[in-house]
Structures are given as structure tokens and as C-alpha cells.
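Let me put the model up, and then I'll walk you through it.

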Amino acid sequence: MLDKILVLDVLDEALKTGGEFAEVFFEDKITNSLLMGNHKIESSAFDITCGVGIRVTKGFFYAYVSTNDLTRDGLLKAAHKAAQAIKSEKRNVQINFVEEKFKTVHPVLLNPLDVSKQEKKEYLSVLSQKAYAKSDKIKRIEASVLDKTQKVLIANSEGLWVEDKRTYTALSLSATVDNGQEVYEDFSRKGAMKGFEQVKNIDLEAFAEEVVSGAVEQFSAVNCPAGKMPVVISNNGGVLFHEACGHSLEATSVAIGASVFAGKKGQKIASDKVTLVDDGTIPSAWGSLNVDDEGVKTRRNTLIKDGELVGYLVDRFNGQRMNEQPTGSSRRQDYTFAPTSRMNNTYVLSGTSDPQEIVASVKKGLYITKFGGGSVQPATGDFNFTVYKAYVIENGKVGKPVKGAKLIGNSADVLMNIDMVGNDEKVSGTGMCGSASGSVPVCHGMPTLHISSITVGGQK
Amino acid sequence: MSIEQFIEKVVANCEQRGLKKYQITYRESESDSLSVFEQEVSENESSDNLTLQISVIVNGKLGKMTTEKFVEEDIHMLVKQAVMNAEIVENEDEVFFHDGSGDYAKVKPYAPLMDKLEKLDKVAFLKELEAKAYALDKRVNKVVATQYGFSRGKLIMRNSLGLNLSKEEFGAYAYVYLSATDGKLNKTASEVVSFDKESDFNAESLAKKAVEKAVAKLGSVEVKSQKTRVVFENVTFANLLSSILGIFSAYEIDKGYSKLKINSIGKKIASEKFTLIDNPHLEKGFATASFDGDGFPTQNKKIVEKGVLQHLFFNLSMAHKYSTKSTGNGTGGLGTKPFNLYVEKGNITKVELLKVLDSGIYIDRLNGIHAGVDLVSGDFSLGAEGFVVEKGMISNPVNQFTISGNLYCLLEDVEEVADDLEFKSRSIGSPSVLVKNVTIASS
């Protein structure tokens, strides 16, 4: 970590030209990965990311300079560069750091840096063997383990001094199957803000079964019907809300009026059945943090309550334009990115419907159990995402799997069309969300729910 | 300690350990960007970044590590990590460093018009860009972002076999992203320039292109779900191409992540109208380079010629495995990459191409490309935007719809290619392309 006196000097230099607020974000991160393909380790990597991002703001302007020259001269030079963008009178600011201490709610029981590559390899071997044993149609199994240990220091001109250590561990599996005519792949990642115990606690047998059966199942899949239809999404499908409304509730686009939900606080934007929260405090969840990347404690933010828009995800800088306080949602991929408002763990709360009854109520439609990635344009509300796993529903019964499905829609319509919400809420997923401040880990969640009408794209 | 000294110490440590094969790749990059919002400078970002990669080959296996932390005491640990990474690898694919032999082409990569760019008042340019965007059409309701950026990078590659290469890279752009509204629905558009042409210095023309694109989409109608013929706008087809280029990688094929096979070379895999070129020597190309990530000389080649597969992307390791020569598409790791990859232009104009289409859909934007294409099965399903084409003319805009199909079939279904080849601030280019058998779904 950096020395307090040096950070003080850097902040002082950054404020020299009249900046109102200055911040230092220091990061020292080790990323380890090990990939096994076809029973053999194919690659092993060890990377160090280390540097500082200095931010100075004045009104609705910010300057951000990042560097990995961590010498005193290097840091002062970077601070000077950031200050150059502001031309005003220096204010006298007395900075007294008050070190904020907290107890982490994301304990690491087994530091992944203490686990040898050999031991990690053993787990990949067992997982691979289990996966190969699941089917005679397997062409290739790929298993990998990734761990990241990020030490951060966030200090600012208001006297904030926070240090944190964030440890992530994830196990991934992909299966490619080939029946001589068709080739399919399925993939899953199980990650958490935990140490290597994350891998040790995974039921490898069940993980292998989940992924291999997902790939094999596609041999019997039919082309997805296309058009507008009712859709039931199981409680694994939380990414729907990430795209359909999460991004459009981020201050990044709301503050400048570039979101369909800007200025709609207090208005109804979804059906009464929908209550959506973004919670950065869930212990050990992949998308959680003790403090965000501006050093603000994460919290549970309610965004939509019974269909009414009640809150946005707000970072310090955009909060000024909106006259709102930060919500502990400011994040960045690494020190080269200025932070901005992002999601953590976004999920819909349980409703009252029985999931089985929801399915049974559909005469003809689609049952979706797994989504791939998607995207949204906050300014229009148009979103799309890829469906990895879905089945036709006929007369209330889940039937054949379908392939090649896509959902598109507009946030405003789709949220209103949610007319049944199950009682089986679940937060899951080990997602990586890419946006303005880079790629950050996120989780999603929801109960089983029914959308009365949405456009499904498919080949039939 | 300077970086040069640091590198010398890394080399010394490798030698001390008795390593015969080691390689140092060092990157220096700096970038600056500026944004204007509501006629004020809203953001000014800059970064200086140094990255050092140490690669070693131990018993034919590759081990790598990268660092951004240059502390002398760490050198021992850094090299050790690279060696440990090599030691755990079991894969039988042998890896190689290159000794620097062979002919390296003299190339002229993309660079902005520096004199003119240095004189440009960037803040004034962005202010004008934003103001003009609002002034050009009153339906423009929000200029979401205007940004200018400049970057410069330097790469040095050296290894124990005698390789010693370096190159410089530049980037420059101005960008506008805006939305227009008809009172009910918003439509967005963006436009970018790369300051390598005189006309790129005109803020008004940049604003105009974006505004025209956004307002043209207003008043959109629903399109009928159907199987139809479509024209992909040049830049849009290039976007699609960028998501499928992995199918031509020998590495991806070797791992089964492409339907193509190594012995597909010489076979017909696409329509005879389709020719795909990877030209690392393209003058002013955005990925123009004389050597690849393995340090091997790059070469100009046709990947697909009139529908017949001619080359795949080979790096040194895959070339050895399949007893062929590297095509100079190495990454320095296991995978491969293309350089300036583009569809060869045809003989007819875009206007004539639309006449050939006669009736169908014109697609000028694809959404969710990063997730909607499965290279293994080839199935794709994407969000799309565009216009109805009637009697060979572009007519009504249509609401977002989906297009689906199979990319391996799509290559066969290319019916005609126009002559409007374009690289839009990137290394992947295409002319507009007419394709049949695309399934469209809407409400």
C-alpha cells in the first residue's frame, strides 16, 4: 500500500489548481489461472496488475489520470497532469485521514495464493474425468480455475482512507459434444468472493452433470419458434433484469438524461408484481463488495418497489448532477478506469405464485432456464439477449428443448408485461458485466416469472 | 531503475537459471481523451501504462507471466512464476520462439494526420460537434456523448534466439453518440472518425452522419416475421465478421471450436461471390504490422477465394503440429489473430445491390453480437435494426427485430457483394453484402 504522507502530497498536488475533490485509487492485483483441456493442462498464467488512478473533480467536470509509475515523482507527475485540466484558484484544504475499518463479510478460508498449482490441477483432473464419464459423445472438456486477489486503497481529499482485500475464485467447465452430424457446447462458471474453499465446496459430480447434459440435450433440440408469445423464465434467469432495466437505472446514463428511466422516480415503470433490488452486501457473492471503488460502504438498494421506480444506482460524480447521495455502487475494472455507477447483485424479490402453476397456466409459449449475454441501449430501452436453454410449453407442460432463441424487447413494455411472479427467488450467476468503467463481476437473481408477451427470435 | 535496466536484470536472471529459451515483450502505452457535454468539457482522462511479459519455454512447454510492477526484488519471483507456469503445462502441442529470420515487410500502418491533429483545437471541435448535432435537426433530443481520443503505443520483443523487434502504434478518434425522438420512441446512432483523412476534421459532417442515421429510424414500423433476403450494410457485416473470425483459426479448429477442419483447405465453404482477405501489409490499415505475436513475419493472403477455403490462421505451434508454415497469425500465446481482415469488394454499387435485392430488409445495426453467435454449431440469433426495402429502394425503418440462421450456411448464402468496402476505425472491413435465407422475427 502507499504511504500516507505520499498520498497526502499527491492529493495536495491534484487540488493545486482549484479542484473541489481529489481521490487516489491504488490497486495491486494478482490473477492466477489454470486451464485443462482434454485431460491436460494447456495453459497456466500469473499476472500482476498494479497502479494508481487519480481523479480530480470540479462541478460537473472530472479529470482522471492513471499510471503504474509508483515512484514519488511518477505519482506527483500524474497528480499534476490531472490538475492541469482545471484552471481556478487553489482552495485551502486540510486533509486529515480517518482510516475506516470494517470487518469483511466475505471471509477467505483458504487463500488461493497458498494453494499450489498442483493441487488446483487435481481438482480440474477430477472434474474433467467426471465430465468425460457422463457421455460417449464428448469431443472436448475444458475445465479452468481462476483466482484474483485485489488489494485496494482508496483515499480522498475529504479524509477518507479505506483499504480492502478482495478475493475471487471461480471454477469453469465447458463441454463440447459431437454426434457425427452436429456439434454443441455448454458452459458454466461457479464463482464467489471466496478463497479456494469455493472450488473445494463445489459438488463436482453435479457440476459435470449440469454442463454435459446441457450440451447433450441440444442434439434433440428443435429450432425455436419465432414471434410474440408468452414466456416463463425460471429462477436462473436474472440477467433479464440486468439488461431490461438495470443498466438504465445507473446514474451513468440517468444523470445526463440519456436513459428511458431518467426523471421517472415515483412513476410506475413495471407491473405491481415487480420489486427489484441491487444488493452489494450479500456475503461472499460474486458481485458483492465491502466498499465500492469510491470507498463507500455497499448496501441494499431498492430500485423498483411494487412497480414504482424508487431509486437509482448512484456514484459520487453523477450524483452531483442528480442531487443524490452515492449508493455504494461506484465500480471500476481496474485503476485505468474512472469509476462510475454499476450493478452488484441485482435481483427481483419473490412474489406469491407457485412456479409450477405459472408453467401450467401457459397454453403455448416458451420456458427459459438459462440466458447468455445481452445488451441494452439505455437511451431507447431496446434490449436483446441470447437464450442458452429453453423449452416449448404446450398446454401447460414443458416439452422439447429449442435452440437458437433470442429475446428482444423494450424495457418499458416488458416490465409492464410481467403478470405472475413466483415464490422461489434465487440469486445466482457468475457474470462479468462490461460497460463504461470496464468489466466487473455481477450476480443476478429472480423468482420464476411469467411475461404475458415478448418477442422471441428463432429459426422457425 | 529504468525499464531498460529492469529488462537487463530479467534477462540476467533467466541466464542465471540456465534457461535456454526466454522472451521479453514490453509494451508502453499512453492515451488521452476528452469529452464535452452541454458545451462544457466534462471529462479529461489520460493514462500511462507499462507492461512486461516474460515467456519461457521449458521442455517444449510455454510459461508466461505479465507484470505492471517493476520492483527489482520481485525479479526472481517473476521469472520463477513464468517457469512454474511452464512446468505445469502437459499439453503435447509444442511451442516455439522465432529467431527473427525471414523477410519482414516494410509496412505503413495507420497514423492520424499528425500535423493537422496537433493544430486542431479539440475542445472547440467537440463543442461544435455537439452544437451542430442539436442544430441540424430538432428531433435530436440528446447528444449523449462526444469524445476525442489519442493513443500511442510502443512494443518491444526480444528473445534468447536473437529476435529483436519493435513497432509503434497510434490511435486517434472523435466520436458522437446521440438520440433522436418522435415524441414517442427514441432512436440512437453513433459515428466515428479516425483523423487520417482531411474530411475527418470536419465536425459538422461527423454530426450530420450521426443525426441522419438516428432520425432515419424514427417512425419505425413492425416488420413481418419471415424468412427473407437481406442486405447487411458494410460496417454491420464487418461487425458480424468480427464475431465469427475464430472459425478460421487453426487453434480453434484443433480444439473443436469451429465446424471447419484443417483439411477443409481447398474445399468450398462459401458462395463463390465471397472472398476474404487477411492483409497485414495494407497501407494505413488499423492492424498493419510486419510481425505477429510470435515475432514471425506476417503475410498477405486470401483466407477464402471465391468460396474456396485457401488458408487458416496458423501460429508457430499449430503450424508445427500440422506440418505446415505459420501464416504469421500468432498471438504469442496459444491462439491466433487476423490483421486487416476484409471481404473483397464486388463490382456493383450499393444502389445496384439494393436493386438486386428488390424486396427484403436492409440491416444497419446488430445488437448483442458478443453473445448471440455460437461458433461451434454456427447457430446465431441477434437483435437487429434496419429498413424495409421495396422495389430496390430503402423505405420504412423497422423496430428492433431478430435475425437468426447458421453462420456456416450464411457464408454459402451470400448472393452478391457491393463495391463499398469500408473499415470504420477498425481492422475488420466489408462492403455491403446481400444474403438469402435469413429468418426474421418480430411481433
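**Where chain A meets chain B**

So, between chain A and chain B we count five salt bridges, meaning a side-chain nitrogen of Lys or Arg within 4 Å of a carboxyl oxygen of Asp or Glu. One of them joins K40(A) to E92(B), with the closest N and O atoms 3.1 Å apart.

Quick housekeeping: this is a predicted model, with local features needing pLDDT of at least 70 and side-chain atom pairs counting only at pLDDT 80 or more, while totals for chains, interfaces and linings use all residues. Residues are numbered from 1 along each chain as its sequence is written, chains are lettered from A and ligands numbered from 1 in the order written, and side-chain values use heavy atoms, leaving out hydrogens and water.

Now the contact itself, which is heavy atoms within 4.5 Å: chain A puts in 72 residues and chain B 65 residues. About 5400 Å² gets buried between the two chains, and carbon and sulfur atoms give 50% of that. That's accessible area (1.4 Å probe) lost on putting the two parts together, summed over both. On the chain A side, F46(A), I48(A) and Q459(A) lose the most area to chain B, together 11% of what that side buries.

And then the strands, which are DSSP runs of E, at least two residues, numbered from the N terminus. Strand 3 (residues 61-67) of chain A pairs with strand 2 (residues 40-58) of chain B, parallel, over six bridges; pairing takes at least two DSSP bridges. Which residue is the bridge partner of A63(A) in strand 2 of chain B? That's N44(B).

Technical notes. Helix = DSSP H or I, 4+ residues; strand = E, 2+ residues; numbered from the N terminus.
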